[in-house]
Amino acid sequence: MTATSFAVRSGGSRQLAGTGTLLRFALRRDRVMIPVWVAVNALMVLSMPNTIKGLYGTAAERADLMRQMGTNSSLRAMVGPVFDDSLGALTAWRIGVYAAALAAVMSLLIVVRHTRDEEESGRQELVASGMVGRRAPLTAALLTAAVADGILALLVVAGLAGQGTVGALALGLGVAGVGMVFATMAAIVAQLTESARLARGLTAAVLGAAFVLRAAGDSATVDGSSVLTWVSPLGWLENLRAFAGERWWVLLLIAGAAVVQGAVAYELAGRRDIGMSFLPTRPGPAAGRLASAGALAWRLQRGSVLGWSIGFFLAGVVYGGMTEGAADLVGDNEQARAIIERMGGQAGLTDAFVSAMVGMLGLIAALYVVASVLRLSGEETSGRAEPVLAAAVGRLRWAAGHLVIAFGGAALIMLLAGVGFAVGYGEDVGAILGACLVQLPAVWVIGGAAVLLHGVLPRAAVAAWGVAGAVLLLGWVGPALDVPQAVLDVSPFGHLPKLPGGGMSWAPVLVLTSVAVVLVSAGLAGLRRRDVTT
């Protein structure tokens, strides 16, 4: 309704002609992606009350948790402050920010996919030649994101109603609202940039900055009152205080931000031509540093490598600083100790915590390697690969440039994570670096699966995100839900040695590395034989 009012003020109902058709088309295109994102996010939220109950089953244990969180600034930076000791409040504390961040990622991907991606591929120009209003594509993209966020909100409210209907409603609306804040932000960035990749990257960078600001604010105060927390949309969700004396007026702040950003996006959309942007792309040199396919691949992906490197180093510093406080937080809680030891091994709580956090960084590194490998698909489907391949550049040489950055970049960011861990923790530097690097074979297997899909089934290459997401879900939620080990072993990360503390076993490392090599080789063989997609 808000989007319609914007469009009416900008030129009448003609501006929205064809919105319904485009919305149905967008929902059909995303009929797999949206259900997967929503289901994974909802499952993480709805599984948390039972997990919390298993960890802190008594009122005394929950009260002790609140006391410990009030004195541990590093852990507050990671998961935020605790406002109440009910199961609902602890669920909102433990998973709320992460659920909102996932909703934000889903929303920005949807909006960029149906706006700038369509223009970059040339499809939007074809659609615009029909009976389609000027702002219909943007409206359809925002409505698609709203549908996805709305379904997520309904699932959260329905699943957590047993903990308190009012609190469940607040949390569901807050998570969906943060998703729409980043959807409208992505809509603005899509008008400013000429590249869908850059639009996704810039909006994701804003999300990362929002997380850092929230973490910095929460580490400084015990009640979320820091100015830094209030600057972050993720901090708004915290201060909504679901299940802990809800502050409904915070929802007005979230809705206001989404409306204002939506208005800006609509205004910008009406002031530019299709395919153009307000921030022109800077042309690069045609020779010198870009005289090879590898140099071109580096130029295209260097910003991403830099961003991931900085993020992993800072994450390592934060997790390293939390290591000393891990034993204090767990205390005598046998359930919490069992989960950490299941994730990180049995050799002492501190080593198990370090191993568990390093394993989490390895899971996230799998997302990097998939994104980097799928840059091949982006170059191919956009038509930019054809001019390169028309020159004296073979397909394998072209692909090798991107794959070196993907697989080598994964090694770099895990190494920097280890350096950051060493800076934050200050002990066992060699052991921590080894624990980070031992994650690489599993990361490379996920990257190899992406190469295989791109080479053999290019139109299904996006399914690599599903593989990475399933592995992330198993590694993150599986131990807390006491999933059978046979299920956890589906993930390549389930076979790695638990370092530091555990014994080093080279057999699974070599096997996983060999699997990655086979997958990459099969993918490159498929790429060499098939036609270039457009």
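This note goes through the predicted model point by point, from the whole chain down to single residues.

1. **Ground rules.** This is a predicted model, so local features need pLDDT of at least 70, side-chain atom pairs count only at pLDDT 80 or more, and totals for chains, interfaces and linings use all residues. Residues are numbered from 1 along each chain as its sequence is written, and side-chain values use heavy atoms, with hydrogens and water left out.

2. **Overall make-up.** The protein chain has 26 helices and 0 strands. Helices (H or I, at least four residues) and strands (E, at least two) are DSSP runs, numbered from the N terminus. The chain has 534 residues, and 51% of them are buried. Buried means under 20% relative accessible area, exposed means over 50%, and partly exposed lies in between (1.4 Å probe, protein chains only).

3. **Contacts and surface.** Take the contacts between residues at least 6 apart in sequence: 76% join residues at least 24 apart. Contact here means heavy atoms within 4.5 Å. The chain exposes about 22400 Å², with carbon and sulfur atoms supplying 67% of that area. Accessible areas come from the Shrake-Rupley method with a 1.4 Å probe; for residues, only the protein chains shown count as cover.

4. Rolling a probe the size of a water molecule over the atoms shows where empty space is left. The structure holds 1 cavity of 30 Å³ or more. The largest cavity has a volume of about 150 Å³. On a 1 Å grid over the protein atoms alone, a cavity is a set of points where a 1.4 Å probe fits but cannot get out; lining residues have an atom within 4 Å of a point. Grid points are joined across faces, edges and corners, and a volume is the space filled by probe spheres set on the points.

5. **Its lining.** The largest cavity is lined by 14 residues. Nearest its centre lie Phe 83, Ala 92, Trp 93, Leu 237 and Glu 238. Helix 7 (87-113) and helix 14 (233-240) each supply at least two lining residues. Helix 7 gives the largest share, 5 residues. By class, the lining has 11 nonpolar, 1 polar and 2 charged residues. Ala, Val, Leu, Ile, Met, Phe, Trp, Tyr, Cys and Pro count as nonpolar, Asp, Glu, Lys and Arg as charged, and the others, Gly among them, as polar.

6. Arg 241 sits in the loop between helix 14 and helix 15 (249-269). Its phi is near 55°, a positive value in a residue other than glycine. Phe 243 is in the loop between helix 14 and helix 15, and has a phi near 65°, again positive in a residue other than glycine. Arg 241 counts as buried because its relative accessibility is 18%. Phe 243 is buried, at 11%.

7. **Asn 41.** This residue lies in helix 3 (residues 33-46). Its relative accessibility is 3%, so Asn 41 counts as buried. A polar atom of its side chain lies 3.0 Å from the backbone oxygen of Ala 99. Leaving aside neighbours within four places in sequence, Asn 41 is in contact with Ala 99, Leu 102, Ala 103 and Leu 152.

8. **Glu 118.** Helix 8 (residues 116-121) holds Glu 118. At 7% relative accessibility, Glu 118 counts as buried. Its side chain joins that of Arg 29 in a polar contact of 2.8 Å. A polar contact is a pair of N or O atoms within 3.5 Å; within protein, one must be able to donate a hydrogen and the other to accept it, and residues adjacent in sequence count only if both atoms are side-chain atoms.

9. **Thr 184.** Thr 184 lies in helix 11 (residues 165-192) and is buried, with a relative accessible area of 4%. Its side chain reaches the backbone oxygen of Val 181 at 2.9 Å. Not counting residues up to four places away in sequence, Thr 184 touches Leu 142, Ala 257, Ala 258, Gln 261, Gly 262 and Ala 265. Val 260 is 76 residues away along the chain, with 8.7 Å between the C-alpha atoms.

10. Glu 386 is in helix 20 (residues 385-390) and counts as partly exposed at 40% relative accessibility. Its C-alpha is 7.7 Å from that of Val 532, 146 residues apart along the chain. Val 487, in helix 25 (residues 485-488), is partly exposed at 36%. Val 487 and Leu 474 are 13 residues apart in sequence and 8.1 Å apart, C-alpha to C-alpha.

Technical notes:
On a 1 Å grid over the protein atoms alone, a cavity is a set of points where a 1.4 Å probe fits but cannot get out, and a pocket is an open set with protein on both sides within 12 Å along at least five of seven lines; lining residues have an atom within 4 Å of a point.
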